[in-house]
Amino acid sequence: MSVRPPDAPNRSRAFLAALACLALVLFLLAPAAVHAQSEHGAEDLRPLLSGLNNGRDFDKTAEGIRAIAATGNPAAAALLQSFRAGNLEVRKSDDRIVRVEKRGGETVAIDPLTGEVLGELRRRDTRRISINNNLRNLVDEVVAGMTLRADDPAIRQTAAREMLAAASADNIEPLRAALAEETDASVRQTMERALAASLLRSDASLEDKRAAMETVAALGDRQALQLLTLAASDPELSERANRLIAGVERQLAFWEVAQNVWFGISLGSVLLLAAIGLAITFGVMGVINMAHGEMVMLGAYTTFVVQETIRIHYPGLFEASLAIALPLAFCVSGLIGILIERSVIRWLYGRPLETLLATWGISLILQQAVRVLFGASNREVGNPDWMSGAFQLGGMSITYSRLSIVIFSLIVFGLLVLLLQRTAFGLQIRAVTQNRRMASTMGIRTPWTDALTFGLGSGVAGIAGVALSQIDNVSPNLGQGYIIDSFLVVVFGGVGNLWGTFVGALSLGILNKFLEPYAGAVLGKILVLVLIILFIQKRPRGLFPQKGRAAEG
Amino acid sequence: MIGILRRTAKPIALAACIAGASIGNAFAQDDSDTIKVGILHSLSGTMAISETTLKDVMLMLIEEQNEKGGLLGKKLEAVVVDPASDWPLFAEKARQLISQDKVAAVFGCWTSVSRKSVLPVFEELNGLLFYPVQYEGEESSKNIFYTGAAPNQQAIPAVDYLADQGVERWVLAGTDYVYPRTTNKILEQYLKDNGVAEEDIMINYTPFGHSDWQSIVSEIKAFGSAGKKTAVVSTINGDANVPFYKELANQGIEATDIPVVAFSVGEEELAGIDTAPLVGHLAAWNYFMSLDTPENDDFIDSWLEFIGDDDRVSNDPMEAHYIGFNMWVKAVEKAGTTDPDAVIDAMIGVAVPNLSGGYSAMMPNHHITKPVLIGEIQDDGQFGIVWETPGLVPGDAWSDYLPDSKPLISDWREPLGCGNFNTETGQCGGAS
Amino acid sequence: MTTISPTLLTRFAVGAIAILLVGSLVVIYLNLGLPADHAWHVPTYVMSLMGKYLAFALLALSIDLVWGFGGILTLGHGAFFALGGYAMGMYLMRQIGDRGVYANPLLPDFMVFLNWDSLPWYWLGFDSFWFAAAMVILVPGLLAFVFGWLAFRSRVTGVYLSIITQAMTFALMLAFFRNEMGFGGNNGLTDFKDILGFNIQSAETRAALFFATALAVSLGLLLCIWMVRSRFGQALVAVRDAEARARFIGYRVEHYKLIVWTVSAAMAGVAGALYVPQVGIINPSEFAPGNSIEAVIWVAVGGRGTLVGSIVGAVLVNFGKTYFTGAFPELWLFVLGALFVVVTIFLPRGIMGPFFGMIDRRRQRRLAAEQSESAARASARREAGIEPDDAATAGQGAAQ
């Protein structure tokens, strides 16, 4: 086995990473050696373990990492990854390096090499091993080198991606070797791109570079742009490179517009969610409901409570926490809404402006109540795995959380429209809000309908809170941040019209996102407000005005 | 007219009586044999999120001091008021604390604007304010002791560290208010002085409570993919941070690609986020809860016991109050009185242990000496310390990187006794 | 809504003016005339606090004028208040001169450390008090005029109007937060030294400011009464109660609204200008929509459409806020919130409503008694064969 000379003068980590890779290649090409190694097993790494623990002398730790990687030991990758994840700590009692894990509510120390459980840990029993970003990068690189030919294609893919991101001349050899035996098409493609990117960063032949340029251009992203710009500095290649650059830039410009539209839709869906409950309590019932934001907040806190309960009692259910929280949030906010309606709002029908006063008071009370119950600081609501991360759609990245919120808001909106237009309850709501006395004469229990309608609006606000807890602070002030926007959306769309709220939210979202890159976030928002004010002058009853006698109400 | 007057005379008298009685009641003061300490932190409104904890810390410190026998043989008594994140109300409450409640010192404020609002009140009534939060500098008042970091105790060392880690391209992102503006002005000048080109600096401001970060994060991503190592220096304020970090995580920006170093994100702010995707992003402070010193262990133990919740965290402004309170206690003991002038004189030079294992001392410019620490976010919501200044850094009230501020110095000792002495003109600016 | 007779409004207003002027003079005497240890001494702090309440009262009064009599629910009056405050604040900043921390004779401190090299054009003229005083009225007035001209002409009414007033103040808040605007950003304007050459912190100046505020509220009240009692005021009430009908009869509804809206905005501006020197700071959070809503609530608590009620409401709610934030820092929001709910449900006409109602009822009873008495007399006279028309006349009087 090749052993790195301890006094290597060149401490460039790329070079050493390559060395490590080379070592790995050699090691993998020699099945006999593999056998020999695995017989000795992970224990061989034990003397090198202490090389990871150098306090804040990160250069020394980097050497330790390279030394471990250089052994080519199959246990090295796992060891380094748990180091990168920050799970390696030093037990103070015997200065032993252990892996710390939470098992069933208890923290235990585990031998990082054998996996043997060494005992329980209490607060301050261990000291973290220092690590910083550069070390994490280094670990990623060496691990990529080690896992480029792993059995699992997903791991190979990750390794290839890492090599693409950290393209350098040293990657060429390992990539070529890996490509020679790669069978998975998508991994092959990534590897080819990584190879092309690496070639452009090396002093490869012109032919190689020419071919690489085409491959890289297919990436169509900013890294491609940057690599092509690098290639364009070579007079032999500049003509073709410049043409490719122009192509990539066109692509980027197109995707930028697409990205803005997407951002707008996503902002619009947040506005829609925030406003849609208000479209019922304010739009349909005419209550200037200043406590609407607090209903959203209650929904978010319900999510928090659900997740906390799950975390403590049923950790397995975490992925389903939002699904569990949805009906609960609807019930919590809805019931509180009904309570508010029965105790306060019902005295105020026909006096819409006074509802503003009373609901403002209620919102103060609810805010302070939450502050007393849950504390003033932010509460943590986690993203389930299926809502984390992003995927690439052409040149734009779409995050799962935003996508889920867009879809979710559409579903909520659709259900609400169905409820109002197609069910008996919806008919009653519309009847009562259009002509209370007539509805009552026809046998509709108006007080009952009022309470349920207000409960429905509040409940919908509550489920909006579940969604918003995924992207915003869960704090007592959560509601305050959305109340003005919600009112603007409802008024802009036209009071009393759900479709108005829908179109209003989406158009305001998109408008905002197209103004933002040019005017900046602050000025963009001001411009949107001014435009709304001017728009209302043109259409004093919003986008979709109510027709007929109801409009005069 | 006369008739109207006569008819209303009776109600007037009645109303006047009621008003007089109730005002008299409301502003009644009691005299007892205690030393009062004012706590001026918002318990409601937008800033409650950060300030409530500081009120609790002060209550704990006061309780501990009383257990140790109080001060000058008297018990300490906390006077808590709620300025409700309302800046003029801060001034009103400050006035109430000093002139009605006769407190010996006030510990409070978080935002710069709240400090600016109360500053004239403290100067007029000769009160004492201990301000525990990092701020933009450019101020030195006789009546205020700044126990948080000045820009040179936080921002500049952080940038130095990142530059040392190979960062060449900088995004200065902040909320649009005075602290980020000033800090970014200082940093921009500092970076340019150190040879960073104009096009390698991107400055971006967002409104308070900004919650939709999609465009900005994607802009940062684009700016960071130009081939040079890029970092974000964030002066984004409190509430906007959670959605910002959530968006960073979702768009897949990891600290190993584009690290974000923040000056307003501490343990308390992280308590509201799942930190696993944020591992490696940085913060610069003068204190981290993860500090491994006996003083810190004691402090955390008594804090957790006081608050009765093992999941609570400690943070930098809490340490600042810890230092400030102990300094005040020591200065009062030294002066033998709580008289403001005597205490102000006694404060300078007082040194007390900080929680990072050393001593912090009050400088003549009313700022203190502190170590600067840089920590990386860990998956448990704590910071792993990756770097610290070799010694203590004295706080500089007047930045050397702003042209008009450069010639100013502050020294409240006699004979100078001036917070903004201009070394070029040889004059003390301002009214005093 | 029920309308209180202008006579009754006037009587209460005169009473309120008397209390204001006499009361403020008494408070000033108790502050300046008595030694600090005297049992009846009023500390300067309390006097300034009352001055602040009165500035809020003027704001509330201006809202009552448009809401109570014009039927325009404004959720953005804080914007006019803040603009007036900024105009005054700019004057006070210019008065600092070279006493700022950087000793720059021309530029305020916040411009110096953000490297501004000259004073923006819109700061010019603010070194003169009279220019600033004019701006205190003109800037909010002009904004209100333009806004109202657009809104009333296109018949934006009801909640639509309320929400766009809120959008207006929100947009202004965001704008003033921006440091590029040159108004000190989030920190706003603070650390004032002098007003008209007098030290702003001295008890005498504070007393003068306090009295000026009381005087301004009194004058504002007179102005409101005058407007309400005039033909203009009666037409305005008609517009409030039946806008379409008033328009069909031939009234230019938008003109009435525009006038009362602009006057009210200017009043709010004056209130802001008096507020700033007494609290010592003006910053963009004064534009926050929540502040405007709160001001509307003062009016509702006091009694909408009663003028005096708005003053009572503003003073009471703010006094409550001062008291409770000190006495029950953790619970005061519950108290305040509950107060709003209780007032709306149980006192729909506000605190002053029942007083007006009581007097109105008593008057009606008296009138009814007079009526029945005269009716009895009339019938007696009829019996005696004398002219029977008096009863009808008395009935008309009662209906007035």
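Me: In which loop of chain B is the place of P415(B)?
Reply: This is a predicted model, and the residue concerned belongs to a cis peptide bond that joins E414(B) and P415(B), with omega at about 5°. The strands on either side of P415(B) are β17, residues 408–411, and β18, residues 418–422.

Me: Does K102(B) count as buried or exposed, and at what relative accessibility?
Reply: K102(B) sits in the loop of chain B between α3 (87–100) and β3 (105–108). Its phi is near 55°, a positive value in a residue other than glycine. The cut-off for an exposed residue is over 50% relative accessible area. K102(B) therefore counts as exposed, at 52%.

Me: Does L307(C) count as buried or exposed, and at what relative accessibility?
Reply: L307(C) is placed in the loop between α11 (289–302) and α12 (308–327) of chain C. Phi of L307(C) is near 60°, which is positive although the residue is not glycine. A residue is called buried under 20% relative accessible area. L307(C) therefore counts as buried, at 1%.

Me: Which backbone oxygen does the side chain of N133(A) reach?
Reply: N133(A) belongs to helix α6 of chain A, residues 133–147, and is buried at a relative accessible area of 5%. Leaving out residues up to four places away in sequence, N133(A) touches residues of chain B, including A255(B), P259(B), L282(B) and E376(B). At 2.9 Å, its side chain reaches the backbone oxygen of G280(B).

Me: With which side chain does the side chain of E247(B) make a polar contact?
Reply: E247(B) lies in helix α8 of chain B, residues 238–250, and is buried with a relative accessible area of 3%. Beyond its neighbours within four places in sequence, E247(B) is in contact with T399(A) and R402(A) as well as W213(B), Q214(B) and V217(B). The polar contact, at 3.0 Å, is with the side chain of R402(A).

Me: What distance separates the C-alpha atoms of E247(B) and V217(B)?
Reply: V217(B) is among the residues in contact with E247(B). Along the chain, E247(B) and V217(B) are 30 residues apart. Their C-alpha atoms are separated by 7.1 Å.

Me: What percentage of the contacts in chain C with a separation of 6 or more comes from residues 24 or more positions apart?
Reply: Chain C has 15 helices and 4 strands, and its C-alpha trace spans about 95 × 60 × 40 Å along the principal axes. Of its 400 residues, 60% count as buried. Among contacts with a separation of 6 or more, the share from residues 24 or more positions apart is 78%.

Me: How many Å apart are the mean positions of the positive and negative charges of chain C?
Reply: The accessible surface of chain C comes to about 15,400 Å², and carbon and sulfur atoms account for 66% of it. Chain C carries 27 positive and 23 negative charges.

Me: Over which residues of chain C is the pLDDT below 50?
Reply: The predictor gives the complex an ipTM of 0.86 and a pTM of 0.87. Chain C has a mean pLDDT of 88, with 94% of its residues at 70 or more. One stretch, with 10 contacts beyond near neighbours in sequence, has a pLDDT below 50: residues 387–400.

Methods:
Residues are numbered from 1 along each chain as its sequence is written. Chains are lettered from A and ligands numbered from 1 in the order in which they are written. This is a predicted model: local features need pLDDT of at least 70, side-chain atom pairs count only at pLDDT 80 or more; totals for chains, interfaces and linings use all residues. Side-chain values use heavy atoms; hydrogens and water are left out. Helices (H or I, at least four residues) and strands (E, at least two) are DSSP runs, numbered from the N terminus. Buried means under 20% relative accessible area, exposed over 50%, partly exposed in between (1.4 Å probe, protein chains only). Contact means heavy atoms within 4.5 Å. Accessible areas come from the Shrake-Rupley method with a 1.4 Å probe; for residues, only the protein chains shown count as cover. Lys and Arg count as positive and Asp and Glu as negative; His and the chain ends are not counted. The place of a charge is taken as NZ of Lys, CZ of Arg, CG of Asp or CD of Glu. A polar contact is a pair of N or O atoms within 3.5 Å; within protein, one must be able to donate a hydrogen and the other to accept it, and residues adjacent in sequence count only if both atoms are side-chain atoms. pLDDT is the predictor's confidence in each residue, from 0 to 100.
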